Amino acid sequence: LNAYLLTLIIIAQQSSDTTGEKEKENLMKKKIVSALLCVAMIATMVTGCGGSKSSSTSGNADSTAKQFEINAAIAANPPALDPHTVNANVTGAIGIHIYEALFQMDENYEPQPVLAESYEMSDDGKEYTIKLRQGVKFHNGDEMKADDVVASMNRWMELSPKAKTLIGGSVFEKVDDYTVKLTVNEPSSDIIMVLASPIQFAAIYPKSVVDSASDEGVKEYIGTGPYKVAEWKQDQYVKLEKNEDYQPAKGKSSGLAGAKNAQADTITFNIVTDTATRIAGVQNGQYDIAEDIPADQYKDLAADKNLTMDVRSGGTLNLFLNTTEGVMADEKVRQAALAALNCDDILMASYGDADLYKLNAGWCNPDDAQWGTEAGSEYYNQNDVEKAKKLLKKASGTEKDCARSFSYAAIQYKFIEYQ
């Protein structure tokens with residue numbers, strides 16, 4: 001069993017008595033939420049744009065600008081705002097607004113240069129010479145240069161378990177102020193993809209931040225991203241403010257690559273651990289976004305006329321067979337199991353609504369340009385009981401033993417699913 005699961009987003013509709021000015025304001029809010037936060041929030045979310053706030057900017061009499069604020073309710077306090085050291089969704093979701101990497105994934109899951117300008121690979125595939133963008137400023141006003149990149153990337157490769165596993169022993173070194181070289185132990189076709197991975201990502205910090213970091217992580221949260229940290233109150237909120245000096249990468253916005261111009265002046269991630277409080281906060285206008293919404297509440301929320309459901313890609317649900325021992329070590333039994341499975345019924349029983357999942361035979365997102373594939377799909381969701389019976393008769397064990405094992409496997413699956 002493999003299902004490509006989906007996350008959901010809810011966008012509030014504006015009431016009919018809204019003024020023209022208010023409609024424009026809320027349309028702007030909707031665009032901000034869709035284009036900015038939905039890209040970065042990894043967990044399931046609910047958004048309600050109608051409750052977002054604005055205020056006039058203080059200053060001279062000619063100023064008509066308004067402050068646009070986004071308030072998000074998140075389920076957990078980030079353990080740190082240091083993506084190098086923490087493999088937590090909430091750290092990545094907030095951190096992606098603050099920091100950038102040399103390469104990041106576009107909407108087709110292909111790595112694109114962000115802080116990098118370009119790169120060249122040596123003939124033997126062991127050296128990558130990476131040109132850096134010039135004039136990119138950190139939040140503290142310093143220009144990003146090779147020293148910062150070398151310090152950040154070598155720290156990331158030392159601390160990230162993923163980097164250690166995939167490119168352990170690799171080294172970054174400075175060539176000149178705007179050029180770095182990566183030397184890897186073994187050539188591989190996915191080196192740049194590893195550097196662009198969005199989970200526990202390879203954020204670029206100033207060298208001074210890396211040098212002053214302790215075992216607990218960095219002490220200053222300084223990046224090159226479209227937002228900078230304004231305030232972090234543990235167990236209460238993380239408030240980000242627009243980076244007025246932000247210099248986006250070239251190209252159209254696509255996934256985490258291309259132009260990422262900040263449109264909201266502030267984003268506040270409020271730590272709200274209670275699910276009911278997060279949902280109520282969106283419904284009453286206190287929050288614009290609430291993450292981690294249980295699937296069993298989807299139907300009721302979808303019925304709310306003030307909310308519009310927007311379902312987005314999430315992860316996978318998989319059933320693994322033990323191929324080394326027991327009845328499933330017999331290939332014919334495994335083939336029978338695949339033939340018998342009705343994935344539609346299993347997923348409907350698990351999630352309760354067809355809007356919350358998509359049947360797919362692939363291990364990875366089918367839209368992934370690198371890894372999406374239809375290979376083996378002929379064996380997926382066959383729902384052919386007669387074929388399963390014929391295969392069981394060819395198995396080495398008795399049909400009764402196999403049937404007993406099938407029943408036990410089904411009980412185990414249900415137990416795991418509903419824990």
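Tyr 109 occupies the loop that runs between strand E5 (103–105) and strand E6 (111–113). Helices and strands are DSSP runs numbered from the N terminus, with at least four residues (H or I) for a helix and at least two (E) for a strand. The structure is a predicted model, in which local features need pLDDT of at least 70 and side-chain atom pairs count only at pLDDT 80 or more, while totals for chains, interfaces and linings use all residues. Residues are numbered from 1 along each chain as its sequence is written, and side-chain values use heavy atoms, with hydrogens and water left out.

The phi angle of Tyr 109 is near 65°, a positive value in a residue other than glycine. Tyr 109 has a relative accessible area of 28% and is therefore partly exposed. In this report, buried means under 20% relative accessible area, exposed means over 50%, and partly exposed lies in between (1.4 Å probe, protein chains only). Asp 235 also has a phi near 65°, a positive value in a residue other than glycine. Asp 235 is found in the loop between strand E11 (227–233) and strand E12 (237–242). With a relative accessible area of 55%, Asp 235 is exposed.

## Aromatic rings

The whole structure contains four aromatic pairs. One of them joins Tyr 119 and Tyr 128, whose ring centres are 6.2 Å apart and whose planes stand at 35°, so the pair is tilted. Rings of Phe, Tyr and Trp (its six-membered ring) pair if their centres lie within 6.5 Å; planes under 30 degrees apart count as stacked, over 60 as edge-to-face and the rest as tilted.

Tyr 119 is partly exposed, at a relative accessible area of 40%, whereas Tyr 128 is buried, at 3%. Together with Phe 103, Tyr 119 and Tyr 128 form one aromatic cluster.

A salt bridge is defined as a side-chain nitrogen of Lys or Arg within 4 Å of a carboxyl oxygen of Asp or Glu. One of them is formed by the side chains of Glu 100 and Lys 260, at 3.2 Å from N to O. Glu 100 lies in the loop between helix H2 (89–98) and E5, and Lys 260 in the loop between E12 and strand E13 (266–271), so the pair ties together parts that are 160 residues apart in sequence. Glu 100 and Lys 260 are both buried.

A further salt bridge connects Glu 127 with Lys 181, and the closest N and O atoms are 3.8 Å apart. This pair also links distant parts of the chain, since Glu 127 belongs to strand E8 (residues 127–132) and Lys 181 to strand E10 (residues 179–183), 54 residues apart. Glu 127 is partly exposed, at 31% relative accessibility. Glu 127 and Lys 181 are linked with Glu 173 in a network of salt bridges.

Which residues gather in a patch of positive charge on the surface? They are Lys 332, Lys 390, Lys 393 and Lys 394. Patches are made of residues with over 30% relative accessible area and no salt bridge; like charges are joined within 9 Å, and nonpolar side chains (Val, Leu, Ile, Met, Phe, Trp, Tyr) within 5 Å. Lys 390 has its place in helix H11 (residues 385–393), and its relative accessibility of 58% counts as exposed.

## Two further positions

Ala 354 is situated in the loop between helix H10 (343–351) and strand E16 (357–359). Ala 354 is partly exposed, with a relative accessible area of 45%. The C-alpha atoms of Ala 354 and Asp 344 are separated by 8.8 Å, and the two residues are 10 residues apart along the chain.

Asp 211 is part of helix H6 (residues 207–212) and, at 51% relative accessibility, counts as exposed. Although Asp 211 and Ser 152 are 59 residues apart along the chain, their C-alpha atoms are separated by 9.5 Å.

Definitions and conventions
Areas by Shrake-Rupley, 256 points an atom, 1.4 Å probe, with all protein chains shown as cover. Lys, Arg positive; Asp, Glu negative; His and termini not counted. Charge placed at Lys NZ, Arg CZ, Asp CG, Glu CD.
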